[in-house]
Amino acid sequence: MTDRYQQFAGTGLGRAVVRRLGLPDPVPLRRYRPGEPPLPGPARFGGAPGGSLTDPVGAALKSAGIDLLTEHDQRPAALVFDATGITDPTRLRELHAFFKPELRRLGPCGRVVVLGTPPDAATSVAEAIAQRALEGFTRSLGKELRRGATVQLVHVVPGAEQAIESTLRFLLSAKSAYVSGQVIRIGTHGGTGGAEPEDWDHPLGGKVALVTGASRGIGAAIAEVLARDGARVVALDVPAQGAELAEVANRIRGAAVQLDITAADAPARLTDYLRTRHGGVDIVVHNAGITRDRKLANMPEETWDAVLAVNLTCQPVINDALLDAGLLRPGGRIVGVSSIAGIAGNAGQTNYATTKAGVIGMVAGYAPVLAQRDATINAVAPGFIETNMTAAVPLPIRAAGRRMNSLSQGGLPVDVAETVAWFANPASGAVNGNVVRVCGQSLLGA
Ligand code: NAD
């Protein structure tokens, strides 16, 4: 879908008008192309004295092939700051001391990552206060930076220091182009973070991934990115989408399964299929979703039921069927697709938002269960993504949806897909129970 304003803002005249009038400036975001280095330039790494992540971050950046800046006059492509040493609010000025001199030098589509301790794992009241304060800092910085830059806060549970690499690689790379203002938790589940992939360019080699709603939009992008990363993808959609589904499956050399996931026999048919054809499954992405918008006062029962069935109630039934049959292999990954509507709420979407908040509940409910099986569950919560679903939104709401975020533009299906692929990575075993918004730091529900 064309964003005409973004096209205009990219012309000579458009740039002048945008600057003169102080209008939103949706710069083209850098997106990942296979073979590219994780970061287009060196990173500046600093930290508050006494932090616990100097060595783990240094090792992860080295392993990712990211150079560190030593001279102060060079331009960093990323700023990484270990804030775990900030154990008292008076020491928050370390943030000002590190970031202020660097911000103007940060390159285009720059990356800022602050690493801290989850406040609930703090060992003193002062540390809990200081660590919680980091969230206000990163969220505000995300709103100040321009030119496609993103900012995240990564909470590292004590003991999980060695499990940060897959997350750092994702957040520093162009794969996280539309993710900003997020707080991500890396836990001790998975020990060292799970198995490090032999090949970081194809981390899903040998894995089988099921993607529902894969014939178009976000689901097709997820299927493509997981296949690019080496997975054998089982692309599922309703029979009515059979032709488009076959096209996607052929393009990625995957398998196509025509099935309505809300059918009473869907869990049994799916488990039979995965058992006989693939001997199990490693990655399950519950992407299929529908909208049937109406104010609740005017909403027929069938409309409510249809949305609940596709977007929520069939998903735990499928999870349980896979778990009971022992088909989700060790190191398994379940990924839900929520929405900012499920976080912020939206008029006309009581049914949809109920399901999308329910997906967040599904993540919270299953996370400890899956941790015991050496598996994880996380969700993406997309904001405004350019798809058929958002093309159907009335123009004024669509225009506002695109602009009401720190990056002043809509995201692309691939942005959601890259986030799913990070959760699916074998090295992301310590990333469990997260809901990460892919929304360009939308103003909604922030
Ligand atoms: P889409 O309508 O383009 O694709 C959804 C797919 O799900 C379709 O191919 C559809 O046939 C399939 N599907 C629907 N019911 C099914 C069923 N019963 N069984 C099997 N497949 C079924 O939508 P999209 O924009 O690509 O959205 C994908 C997911 O992302 C949805 O869960 C949606 O709620 C979520 N999401 C999208 C946006 C956005 O901006 N587009 C924002 C937030 C969340």
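Helices here are DSSP runs of H or I, at least four residues long, numbered from the N terminus. The model is predicted.

**Exercise 1.** Find where R132 and E135 lie, and state how they pair.

*Solution.* 
- Locate the residues. R132 and E135 both lie in helix α5, residues 125–144.
- Check the spacing. R132 and E135 are three residues apart, about one turn of the helix.
- Check the contact. The closest N and O atoms of R132 and E135 are 3.4 Å apart. The cut-off is 4 Å, and the pair forms a salt bridge.
- R132 is partly exposed, at 46% relative accessibility. E135 is buried, at 14%.

**Exercise 2.** Determine which parts of the chain the salt bridge between R329 and D282 ties together.

*Solution.* 
- Start from the contact. The side chains of R329 and D282 meet in a salt bridge, at 3.1 Å from N to O.
- R329 lies in strand β10 (residues 328–337) and D282 in strand β9 (residues 281–286), so the pair ties together parts that are 47 residues apart in sequence.
- R329 has 24% relative accessibility and is partly exposed. D282 has 6% and is buried.

**Exercise 3.** Work out what the salt bridge between D415 and R31 ties together.

*Solution.* 
- Take the distance. The closest N and O atoms of D415 and R31 are 2.8 Å apart.
- D415 lies in helix α15 (residues 413–424), and R31 in the loop between α2 (12–21) and β1 (43–47), so the bridge joins parts 384 residues apart in sequence.
- D415 is buried, with a relative accessible area of 2%.

**Exercise 4.** Count the salt bridges in the whole structure, and name the residues linked in a network with R44.

*Solution.* 
- The search finds 14 salt bridges.
- E102 and R105 are linked with R44 in a network of salt bridges.

Terms used. Residues are numbered from 1 along each chain as its sequence is written. This is a predicted model: local features need pLDDT of at least 70, side-chain atom pairs count only at pLDDT 80 or more; totals for chains, interfaces and linings use all residues. Side-chain values use heavy atoms; hydrogens and water are left out. Helices (H or I, at least four residues) and strands (E, at least two) are DSSP runs, numbered from the N terminus. Buried means under 20% relative accessible area, exposed over 50%, partly exposed in between (1.4 Å probe, protein chains only).
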